[in-house]
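Please read them with the sequence and the model open beside you.

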Amino acid sequence: MNRTLAVARMQLVNKQTFIWVPLLIIAGAFVVSWLIYFIITSAMGDAPARGQGFNGASQAALWYFLVIGVQAMSLTFPFSQAMSVTRRTFYLGTGLLAAGTGAVLATLYTLLAVPELATGGWGVGSYMFAVPWVTDGAWYEGWLFFFAVTLLVFVLGFWVATIYKRFGSAVLTTLLMGLALAIVALIALVTWQGWWGNVGAWFAAQTPLTMALWMLALTVALGISSYGTLRRATP
Amino acid sequence: MSPVIEVAHLTKRYRETVAVDDVSFVVEKDTIYGLLGRNGAGKTTIMSILTAQNFATSGEVRVFGESPYENAHVLSRMCFVRESQKYPDDATAAHALRIARLFYPNWDQDLADRLVEDFQLPLTRRIKKLSRGQLSAVGVIIGLASRAEITFFDEPYLGLDAVARQLFYDRLIADYSEHPRTIVLSSHLIDEVAALLGHVIVVDRGRVLLDESAEELRERATTVLGDTATVDRFLSGRDVIHRESLGRVTSATVLGALSPLERRELADAGLELAAVPLQQLVVRLTLHAADTETREVVR
């Protein structure tokens, strides 16, 4: 356990990667979207309502987590090997850190949604954290949704990087192409069978909570698959 | 003696090349080993497999009597910073040393601090911006300060200037005498490290050419120098690994220890005897092995 925590600290030792850059991205996205809504509000003479006011800026930080997921594997794994860490310990420590970061981000979003709603979108109808639908239910449903999205994005990056590290770019590209083709085939199937109505109904029936659980299930599947690949990866 | 590493019939095959070919050897406790050989001889691959960073195609590796793969108990007692070590993105040398401190139970921070000063390593610059020599210094400092029971140094001197290299050898030997441990030093600068080594393993094209204590090695070969006819008479029936003539004078290197009687006879015949420097011996043996192999292939 000691070494697992040490792996998490190893990933964190450069505070810039895990703390300052994500905060900077969130702050930057917030400021830019606030300015845009400030212009809209001054032009319309009134702040847009929440439905129209959701600005999508909250996803900005997610892309960065994809990058961190890749780097946690491609750059920190070789160093962990020099630190005589087993692949299992590296995996658990990194997973622990990813979960921790997801929890912090989810908490931050959940907390910031409160003043956002109270001020009518920071005075200009700019909604970044009180995402419509996601945060409409109980607070923990939204929290779990943010947590699951962050973790999923991180694991996706990590999963891609493990395959790259072990099998190289040719195999990775082939696999991603194969996945794209499988999705196209699925779309074809749904279209030809006339199942779009059912698919739409299924999505409509989901709540933020059930969506979060689906994403966590996918995260676990990708996580297990990554571990299988990592066990035979070389730095 | 108690072996800390046992390697039996280790083979590593890549798609088209055999990097390590049926290698067997043991490493005894608290000795400095030289893993010598040309670039691409398989030194790094062997060390990677010993530390479970890489995987054997076949054969067996035991460290402290156990398989090192996914074995935290065994791995935490070893340190192997490779020559082309990757570091986390944007990490500085200070970061790397702080992390190493977390993982190595015997880490000596005072030693690390002293070495940073010795090597004039800039702590706050990003590792990817360091010079080749400074990059090597990061690995050397981690290796020495980790005080791991088995420490591997993989061509640790790349990019270091002569002063820094000497500094490394001095610090290594000083710390080793205070804290004896097993050290495996891979190198192709054989003369520079010869004085440090207690045992020598020479690999060439994935095979072990030589596995002997430094003491045995010193007696392993002799160079005789003198009149060509006299030298040739002495050479008959011996394993000659090198011979060169200049006018009527010939110098030849032969394998096998000489008895005191033989030495006296040679001196009486007017031949000069000289010890063979380790580097010479390794070069001669390596070329000799290549030569023998070619002849076998031709045959």
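1. Basis of the note. This is a predicted model, in which local features need pLDDT of at least 70 and side-chain atom pairs count only at pLDDT 80 or more, while totals for chains, interfaces and linings use all residues. Residues are numbered from 1 along each chain as its sequence is written, and chains are lettered from A and ligands numbered from 1 in the order in which they are written.

2. Confidence in chain A. The mean pLDDT (the predictor's confidence in each residue, from 0 to 100) of chain A is 93, with 99% of its residues at 70 or more. Within chain A, helix H3 (residues 50–53) has the lowest confidence, a mean of 73, whereas helix H11 (residues 208–230) has the highest, at 97. Helices (H or I, at least four residues) and strands (E, at least two) are DSSP runs, numbered from the N terminus. Where pLDDT is low, the predicted coordinates should not be read in detail.

3. Contact between the chains. Counting two residues as in contact if their C-beta atoms, placed from the backbone, lie within 7 Å, 26 residues of chain B are in contact with 25 residues of chain A. On the chain B side, helix H2 (72–75), strand S5 (78–81) and helix H3 (93–103) of chain B each give two or more residues, and H3(B) gives the most, with 6 residues. By class, this side of chain B has 14 nonpolar, 6 polar and 6 charged residues, where Ala, Val, Leu, Ile, Met, Phe, Trp, Tyr, Cys and Pro count as nonpolar, Asp, Glu, Lys and Arg as charged, and the others, Gly among them, as polar.

4. Domains of chain B. An automatic or database domain assignment supplies the bounds, dividing chain B into domain 1 (3–216) and domain 2 (219–298). Their C-alpha centres lie 34 Å apart, and 12 residues of domain 1 of chain B are in contact with 9 residues of domain 2 of chain B. Helix H7 (190–194), strand S8 (199–204) and strand S9 (207–213) of chain B each supply at least two residues of the domain 1 side, whose residues divide into 7 nonpolar, no polar and 5 charged.

5. A sheet in chain B. Four strands form an open antiparallel sheet in the order S11-S12-S10-S13 (chain B), two strands being paired if DSSP finds at least two bridges between them. Strand S11 (240–246) and strand S13 (272–275) of chain B are the edge strands. Strand S10 (residues 221–227) of chain B is joined to S13(B) by 4 bridges, and Leu225(B) stands opposite Glu272(B) in S13(B).
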